[in-house]
Amino acid sequence: MLAKFGSRSARIGKSVIIVVTIGAGVFGLSSALHLTENGYTDILLLDGQKFDANGYLPWNGADSASSDTRKVIRAADGKSGMMRRPPPLFVNCGWARLNEHGETIAVEVDTLETMQKLGLRESQYRLDDTGERARAVEQGWSETSIDPFHRISQGLPLGGVFDSLTGFARAADTCAFVLNKIKQLGVRTLFGSTGRVAQLLYSSEEGLQRAIGVRTANGEDHLSDVVIVAAGAYTHELIPGLDDTVTAAAGSIVHVRVPAHLQERFGSDRFPVTIWNYTETSENGSFSIFPLDEYGTLKFLYGAPQWRNISDRPDALNQRSISLLTSWSFDQKTNVPTVMIDKVKEFISEYIPELTNAEIILAKLCWDAVFLDKEFMIDWLPGVESCMIITGGSNHGFKFLPTLGKYVLKILGGKPDPYTRLRKCRAPSEEESEAFKVGNLAPARSLNRQTMTASAGDLGW
Ligand SMILES: Cc1cc2nc3c(=O)[nH]c(=O)nc-3n(C[C@H](O)[C@H](O)[C@H](O)COP(=O)(O)OP(=O)(O)OC[C@H]3O[C@@H](n4cnc5c(N)ncnc54)[C@H](O)[C@@H]3O)c2cc1C
């Protein structure tokens with residue numbers, strides 16, 4: 001059946017172009033936002049999940065990288081400066097990046113130098129330096145913001161940096177806000193089974209393959225001038241042939257209910273986004289903890305290992321890692337590696353003992369697409385006309401919600417710039433190919449080797 005969604009236009013002009021965007025995560029939302037704000041009038045945004053009903057909240061069943069309660073929004077990482085314009089619903093609570101060595105590790109030295117170059121060094125505080133800690137307090141930050149695990153009062157070493165520019169976005173609310181905005185601006189949306197894309201539709205004329213729309217799970221076809229695939233970790237399901245450039249990787253998220261009498265301790269005015277064991281090799285067991293959310297829970301992110309789910313599908317070119325809808329629902333709080341639950345409990349017992357035995361109400365894997373250089377890919381799909389891919393959030397894409405769509409716009413308008421040239425879909429170098437394969441096949445990352453939780457009881461202490 002052909003859905004009545006405009007007709008396929010003969011010419012590609014701003015005012016008549018029909019764009020189908022698959023995926024209403026931050027990449028799809030940002031694309032739709034920039035297109036609609038810049039004169040593209042006929043845009044359909046599709047997603048297999050019911051974000052219009054669940055508000056992107058994990059406890060309402062939303063399951064994607066973007067559907068989260070909190071995401072870190074930071075201004076620099078090592079040698080690269082980033083975000084200048086925070087997304088809506090940003091809370092500037094600071095970011096304590098801590099280690100137990102009582103020193104400033106190499107990546108932090110780079111970040112401090114980057115901040116110096118950007119003229120922002122005053123906003124950073126070295127935590128192994130008494131003078132810098134005092135400066136933070138003089139400037140209004142609480143003692144617990146710079147030492148969230150109370151290490152100094154216990155006579156324990158404290159190393160790392162307090163970054164006062166950073167904070168978090170209320171992620172689900174941010175996505176819901178942008179979704180609402182683009183709908184008001186005229187973007188049409190389909191969610192759930194009517195929005196789940198079963199396949200892309202192509203025409204083939206004189207050897208030229210062209211994307212002409214999509215077929216959704218309910219059998220409807222939506223024809224378009226351009227298809228934008230913003231499917232995150234699910235990119236492989238729709239676009240074959242990217243096995244050696246994009247992989248699906250998962251971090252582990254646990255939410256712990258904070259007893260009422262302890263909630264004040266974890267408020268964003270006194271508890272910053274905190275990362276413990278922040279190192280250059282994030283496979284070293286780092287933990288992030290976010291300030292108390294509106295639902296009375298703390299989110300713990302166990303950042304390592306970044307799980308892979310290697311497919312043995314015979315058509316896979318290169319043993320691709322595919323994402324798996326694992327996570328959480330009210331009926332079944334299961335299907336995460338038990339090791340991750342154990343690690344979170346160990347961490348709590350050692351660093352936040354007052355939360356020992358606190359109820360774990362949610363445990364999920366959170367999948368993102370990771371591109372070769374751990375940056376984004378925004379480009380036309382090689383060999384196919386009219387199909388653009390925007391993917392590769394690589395575990396830090398959320399904060400770019402305000403800007404990503406700008407580059408989609410440039411590519412669509414035939415106006416590439418140095419950034420879009422950098423973010424092209426390309427074949428890997430030999431070195432990248434090897435690193436990619438090793439990363440995918442590392443036994444420590446293999447979900448297949450893990451014992452998974454089987455029932456809600458497995459989340460108990
Ligand atoms: C554990 C973890 C922690 C992170 N923390 C941070 C952080 O603190 N700060 C930060 O800036 N970034 C962070 N990120 C990265 C950020 O979350 C992602 O880069 C970003 O959300 C990716 O957005 P996306 O739109 O590409 O993907 P997604 O949010 O996954 O959206 C893709 C959408 O496509 C839909 N879809 C897929 N296939 C189909 C189909 N066939 N039909 C219809 N719809 C489909 C899915 O339902 C989904 O909604 C983190 C990522 C992970 C994994």
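Q: At what angle do H1 and helix H6 pack, and how far apart are their axes?
A: H1 and helix H6 (residues 171–184) pack at about 30°, and their axes are 10 Å apart. Axes here are lines fitted to C-alpha atoms, for helices over the stretch in contact, with angles running from 0 to 180 degrees between N-to-C directions. Helices are DSSP runs (H or I, at least four residues), numbered from the N terminus. This is a predicted model: local features need pLDDT of at least 70, side-chain atom pairs count only at pLDDT 80 or more, and totals for chains, interfaces and linings use all residues. Residues are numbered from 1 along each chain as its sequence is written.

Q: Why is H1 called roughly parallel to H6?
A: Angles under 35 degrees count as roughly parallel. The angle of about 30° therefore makes H1 roughly parallel to H6.

Q: Which residues of H1 and H6 meet?
A: Val 26, Leu 29, Ala 32, Leu 33 and Thr 36 in H1 meet Cys 175, Val 178, Leu 179, Lys 181 and Ile 182 in H6; contact means C-beta atoms, placed from the backbone, within 7 Å.

Q: What is the hand of the crossing of H1 and H6?
A: That crossing is left-handed, with the near helix turned anticlockwise from the far one by less than a right angle.

Q: How do H1 and helix H9 cross?
A: The axes of H1 and helix H9 (residues 401–412) come within 7 Å and cross at roughly 65°. H1 passes H9 in a right-handed crossing.

Q: What makes us say that the ligand lies between two domains?
A: Domain 1 (18–66 + 171–245 + 371–436) and domain 2 (90–167 + 249–368) both give residues to the shell around the ligand, so it lies between them. The bounds come from an automatic or database domain assignment.

Terms used: Helix = DSSP H or I, 4+ residues; strand = E, 2+ residues; numbered from the N terminus. Parallel < 35°, antiparallel > 145°, perpendicular 65-115°, else oblique. Contact = placed C-beta atoms within 7 Å.
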